[in-house]
Structure formats: C-alpha cells, structure tokens
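Please view the sequence and the model alongside the text.

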Amino acid sequence: MKLEVKNLHKSFGETEVLHGISFSVESGRALGLLGRNGAGKTTTIRILMQVFGANEGTVLLDGVPFSPKKIGIGYLPEERGLYPKKTVTEQLMYLAALRGMKRTEAAKAVKHWLERMGVEDYASRKLETLSKGNQQKVQLAATLLHDPPVIILDEPFSGLDPVNSQVLKDVIREQIEKEKLVIFSSHQMGYVEEFCHDIVIMNHGNAVLAGDLRELKKTFGHGRLVLSLNGKSGEETETLVRERYAGLVVPDGIHADHVVLKMIGETKKTDVFRALAQADLDVESFGDYRPSLNDIFVESAGDEA
Amino acid sequence: MKQFLNVLKFELGNYFKSRSFMVTTVLLALVVAAAVALPPVFMKGSFSDVFGGGKESSKETAESSSGADNYDPDAALLGIADPEGFVSDLAGLTDRMPGYQWKVFDSADELEQFVEAGGDGGFLLTGKFTYTYVVRDRSLLDSLDSEFSEIYTSYWQEKELEEAGIAASKVQEILNQSSISTMQILGKDGASNYWYTYILVFVLYFLVIFYGQMIATSITSEKSNRAIEVLVTTVDSTSLIFGKVIAGAISGIFQAGVILGSGLIAYHFCGAGWDYRLDFLFHIPAEVWAAFIVFGLLSYLLYAFLFGMLGALVSKTEDISKSATPVTMVFVVSFIITMTGMNESDMLLMKVASFIPFTSGNAMFARIALGSVSPVEVVVSAVLLAATVVFLGWLAAKIFRFGTLMYGNPIKFTQALKKLREQ
C-alpha cells in the first residue's frame, strides 16, 4: 500500500493554514510527521481522517481516493480520552463494534490487546481508576483492536514512563514489521529516529523537508565535518579553526566539546585532515558530520525543538 | 445503519444501566401508583367529605352518632356558650349540626377552658348572626367554623322569617328549586379534556427540558473527556447524533410510559374507590394519545437535536445551561402559549402556533385534544414539524462533527453556521 498526500491546501476563513503539503508513505515503513506547535500537523492528520476536507489537493491510497472509514484506520489522537465512567472492556467492545467487528472476534481482540499491553488485570475496572500511563495503553489497545492496515499515532509517547514507552515501542515495531503503514507525529525526535524511515518536517503550513531520513541525514551532512580536540572546548576549537584554517573551512556550529565545519569551495576532507595532522594538534575525533534529527529539525523548522 | 444501531445500543445502555435513572423511574412510578391507589384505602371515612359528592352518606353517619342511642365515642366534642342569652333554644340550634357531642357552658371563660382541656372546638354566641369560634390548633381541613356558620345563619334567617309572618319551610321549598339541563356537545368537551391535556403538555415539557439537557450533557462530556476525537473519526456523525438523540427519546418515552402507565394501571384497579371521579385525568381518548405520540415525539426530537447541537458547541458541561438558555426560552414560550391557549384552543395565537414547528408540538396537540381541527390542518402541521426535524437532524450532524473538535470557549450558533459554510 502506498499513501500519497498531494498538494494539500486548507483555509479557515481568510487564513490559509496549509500551503500545499505533499508526502508519501508505504506499507512496512513509518513516516514521522514533525513540526512545531501550530505547524499544521493536526490539521493534516484531520484531513487524512476526513474530519474535514481540504480546499485543494488529494489523498490517494494505491492511486485511488483514500477513505479512512472503509480502510479502517487505527487513530490515536493527541487529545486522548475515552469514557472514564465505563469499564475498560465495555468501551473497547463498543469501539470494536463501531469498527464493524463481530462480538466474539471483538472479545478475542480485546483480550489479546489488553494482555499485550499488560493491562488485562484492569479489564473490568472503570477507566478513571487507572493510572494515566495505563489509560494510555488502553487507548493504544483501542487504536489497534481491529488490526488496521493504516495507523496514525499523534504524540503516542507523551505521558509514558520509560517502561511503558518500551512496551509501546515494541508494539509499534511489531506493527511496522507486519507491513502496516504507520504515520507518527511527535516532538520527541529520539522516538522518531528509532522508528521512522521517512520524515516530513512542517513549518507554518509548509512541508519544508520530506523524504528518507537516512538520505536526508546524508544530504544535511554533505560538505560538513565534525572536529573535537582533546582538552579544548567547542569555543576554543572554533577560535583555533578560524585563526589557522580560514581558507579551508568555516565553523558551522559550536557545541560543548566539538565544532561542525563547512568545507569551502573545492576543499576535500583529506585536505583538512592533512592540515590538521601537519599542525600537530591533539585530535580527539574528526570525520563526516552526521546530523541528528534534532539538528535537522532545528535547522528546518526554527530554533526550538 | 449498523453503526447507528451500535451507538443507539451503547447510549441506551448508558441510560438503562444508570442506577439513578432506574431508581428515579421506579420511585416515581411507585409514587404515582400510590397516589392513585392509596387514598381510597386510607380515606374511606373522610374521603367523600374531602373530595365532595358523598355528603349524604357522611351525614347519615353523623346523625346516627348524634343520637343518644347511638353514642359514638369518637364523635368530636364541641362546646357552646351563650352568656347573653341570644338563642332561646340552644338544643334546637345544636341539633342542626348532628354528628357531634355538644356541651353547653355559661361563660366565655368556661368555654375556653373546655377547649384548652381538649375539646375539639367551641362557639361563643355574641349576637344575632355573630359568634366567635374558639379552637386550640386549627388544622388545614377544619370545617367546623363553616358548618356552624351555616346553621347559625339559617337559625336566625328562619327566626326573622317567622317574625315577618313568612313560613320558612315554604321559602326553603321555593329556593331549593333549580333548572334541569342536558348538554349536547357537538365538538370536544374542553372542560373534561382540560386536565389530561394539561398533564400531557406538562409531561412533554418535562421530557424536553430534562432529556434535552441530558443529551447535551452526554455530548459535551464526550467532548470534554476527548472520547469524541476517536468517535468522530470512527463513526459518521449522523449515526452518532441520531443514535444519541433517539436513545434519549426511547429512554424518555420509557420513563414517562412507566410513570404514566403505573398511574393508569392503579386507576384501572382502584377507580371504583374514587367513585370514578378521576376519569377526567385517566380516561384519555385514543385520538388524543395518537396526537400526543406524533406531535409530542416530533417536538421532542426537534428540541433534542437542538440540544445536541448546543452540546457540541460547548466544551464544559457547566457551560451547557447558559448556552441552552435561548432554546429553553423558545420551548418555554411554546409551553406558555399552549397553557394560555388551552382555555380557548381555537384562538388565533393557537392556530398560528400550531403550524410553527417550534411551537406546534404543544399547540397542535392541545388543539386536537380540546378543540376542532380539520384533518388537513393536522397533516400539514405534522409534515412541517417532521420536515423541520429531518432538517435539524441533518444540521445537527454537521454542527456536531465540526463543533465537537472545537475546544475552548462556547461557540455561538451563528458562528458555527459561518464556520460550517467555510469548511
């Protein structure tokens, strides 16, 4: 399966909030939808879920218009919540019925997912009596009950402790391995890096960056090096580089113990390496710059992650 | 359709599994049944006196207890004092009020002491047509004063007639004559239909206000606990809002049916105990029931959809009552028009109100029950009301889908319509 979002535009009144968003994702791969608050992620997800329509643009699944209710999407909204006064089983059975599952099939799925999430002991308890983490696990069970081929998770890790996060990570990995199409929205770059093959970075309603994460990292690292010197801070290293190697590189980022350098013109990595070796500097590490997702995000979407 | 049925089943479960709903229904049904069944049992002796109509039988009882041969120890003990000697024949006076034991006192003080000591009441004669009623604690149903007033007045009237040389018995005979009439009602008998119409209009008022608020609260709760986000992306909003509103309708009909039904069943078995005096409440013709079901149900659905929309436009349950005020006011106005128009159901205001969907539920029902309405008028009104219900159901589904995902301050209805057009 391939989900393609093409040139989505959305306006509320006079204000256009999405200015032509495009991306695609395939089964067995996860797409990370990233962006600062107000970037348009939730609006994009709500258009995908057909909560409201786009003013322009299309969403296609395998080349035909996408219908979430026909496909059976597993959607975990950012604004979580089920029925606090209902028992866990009662509400999961209700949601399963709404998704067209037969009673016996639903009961089996409820049992399976409660066990998988480690909350089977709370099956007959009212949701409001569970901890926030366990409520979230119940919500994830509700999302996956009907074995949906497309899964959209909006900030799935928020509010989870490390142990529960691990359970959730395992479940998401299983779903990706089962060739599910996963769209993952989060501010927590570490999780996105762990799961997502593809990312879309949104900023002010634009998709400022989209593509394969590994490729993007390579592209972002292209022409840049990382250098750290024993016994010197990032700032000291930067000063030294400016004084001695101004013709070869310019500092492109200062960190606590290292600097990122951008090669000038036709400069090659070996030229810089040779120059460093000749200067008899105590080099701690030197190599190609591999940006983290956080670095890419900050560079693409602003100075806050 | 399947989704609608699933929503309906779930929402019905919310009502019927609610302890407060079931307890309220059962308690109210028991109260109504008891109110109908118990008075004839407990008030057999005084029932006729309280509700009228059985005066002869009570008089007979009273007379038998007044006689010396039939001394009744439970008969009320009354005192009478005539220190000035206005009445020449005190026994003749007290005989006019049988069923009581009388004691004669010489002074006002003695009479007061008698009452203080436990006498049921006393009368101090202070002149022609004037007396003082002495009682320790007067109860709400105390009728001694009015009874004595009647006999004391007639005593002096007869005296004066005799002094004028007119035979009191002849006067009485003349005054006792009255016209005998029969009634031929060609249309509806508004006088006898009034009370059950009043009760049914009130039942509808209760259902709309109570269940309307419950439907709005149910929707707002799903919004405030964020369950709505999952629901609207799983189920189409038409199934959701129709499921909720129709579940509320079924629950309301069930509750009202059980409560009214308990009263009807109790009256069916205990009607004889009331001498069938409550027929004006419980003998409701089939056509009135049919009109109530059609117009009541449609009107209920119309307001339920409006309340459903309002529930979707607020984020906190505490905001519901404020946002619901305009809709509540419209319904209250409809209720007041009907209540006012029930005295004259064919007045122009009622005729107009019976064709406006927001008021026709009450007004047309009242006109059918109390006045003369042509079948064409009934059909036109019902079709207009039904069409409005369908339109509001459609609009409610649209607003529901849009409104449920808007959090924060309550959204105005006009603002919601504007946003809806923008989408």
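## Helix 14 and helix 16 of chain B

In chain B, the axes of helix 14 (residues 320–341) and helix 16 (residues 357–370) come within 8 Å and cross at roughly 20 degrees. Axes here are lines fitted to C-alpha atoms, for helices over the stretch in contact, and angles run from 0 to 180 degrees between N-to-C directions. Helix 14 of chain B is therefore roughly parallel to helix 16 of chain B (angles under 35 degrees count as roughly parallel, over 145 as roughly antiparallel, 65 to 115 as roughly perpendicular and the rest as oblique). The crossing of helix 14 of chain B and helix 16 of chain B is right-handed; a crossing is right-handed if the near helix is turned clockwise from the far one by less than a right angle, and left-handed if anticlockwise.

On the side of helix 14 of chain B, the residues that meet helix 16 of chain B are V330(B), F331(B), S334(B), F335(B) and T338(B). Their counterparts in helix 16 of chain B are F358(B), T359(B), N362(B), A363(B) and A366(B), where contact means heavy atoms within 4.5 Å. By class, the contact of these two helices has six nonpolar, four polar and no charged residues (Ala, Val, Leu, Ile, Met, Phe, Trp, Tyr, Cys and Pro count as nonpolar, Asp, Glu, Lys and Arg as charged, and the others, Gly among them, as polar).

## Basis of the model

The model is predicted: local features need pLDDT of at least 70 and side-chain atom pairs count only at pLDDT 80 or more, whereas totals for chains, interfaces and linings use all residues. Residues are numbered from 1 along each chain as its sequence is written, chains are lettered from A and ligands numbered from 1 in the order in which they are written, and side-chain values use heavy atoms, with hydrogens and water left out.

The axes of helix 3 (residues 88–98) of chain A and helix 1 (residues 2–16) of chain B come within 9 Å and cross at roughly 160 degrees. Helix 3 of chain A is therefore roughly antiparallel to helix 1 of chain B, and the crossing is left-handed.

Helix 3 of chain A contributes Y94(A), A97(A) and L98(A) to the contact, and helix 1 of chain B contributes Q3(B), N6(B), V7(B) and F10(B). These residues divide into five nonpolar, two polar and no charged.

## Chain B: composition and sheet

Chain B has 18 helices and four strands; helices (H or I, at least four residues) and strands (E, at least two) are DSSP runs, numbered from the N terminus. Buried residues make up 45% of the 423 residues in chain B (buried means under 20% relative accessible area, exposed over 50%, partly exposed in between, with a 1.4 Å probe and protein chains only). Among contacts in chain B between residues at least 6 apart in sequence, 74% join residues at least 24 apart.

Four strands of chain B form an open sheet in the order 2-1-3-4, with mixed pairing; two strands pair if DSSP finds at least two bridges between them. The edge strands are strand 2 (101–105) and strand 4 (130–134) of chain B, each of which pairs on one side only. Strand 1 (residues 77–81) of chain B pairs with strand 2 of chain B in the parallel sense over five bridges, and V104(B) in strand 2 of chain B is the bridge partner of I80(B). Helix 6 (residues 108–116) of chain B lies across strand 1, strand 2, strand 3 (121–127) and strand 4 of chain B, at about 160 degrees to strand 3 of chain B.

## Chain A: sheet and hairpin

An open sheet of four strands in chain A has the order 12-13-11-14, with antiparallel pairing. Strand 12 (249–254) and strand 14 (283–288) of chain A stand at the edges, each with a single partner strand, so one side of each lacks a neighbour in the sheet. Neighbouring strands of this sheet are turned by 25 degrees against each other on average, direction ignored. Strand 12 of chain A and strand 13 (residues 259–263) of chain A pair in the antiparallel sense over five bridges, and L261(A) in strand 13 of chain A is the bridge partner of P251(A).

Strand 9 (residues 198–203) and strand 10 (residues 206–212) of chain A run antiparallel and are joined by six bridges. D198(A) stands opposite D212(A) in strand 10 of chain A. The hairpin of these two strands has two residues between the strands, and H204(A) takes a positive phi near 50 degrees there.

## Loop residues with positive phi

D62(A), in the loop between strand 4 (56–61) and strand 5 (64–65) of chain A, has a positive phi near 50 degrees. D62(A) counts as partly exposed because its relative accessibility is 49%. E179(A) has a positive phi near 65 degrees and lies in the loop between helix 6 (162–177) and strand 8 (181–185) of chain A.
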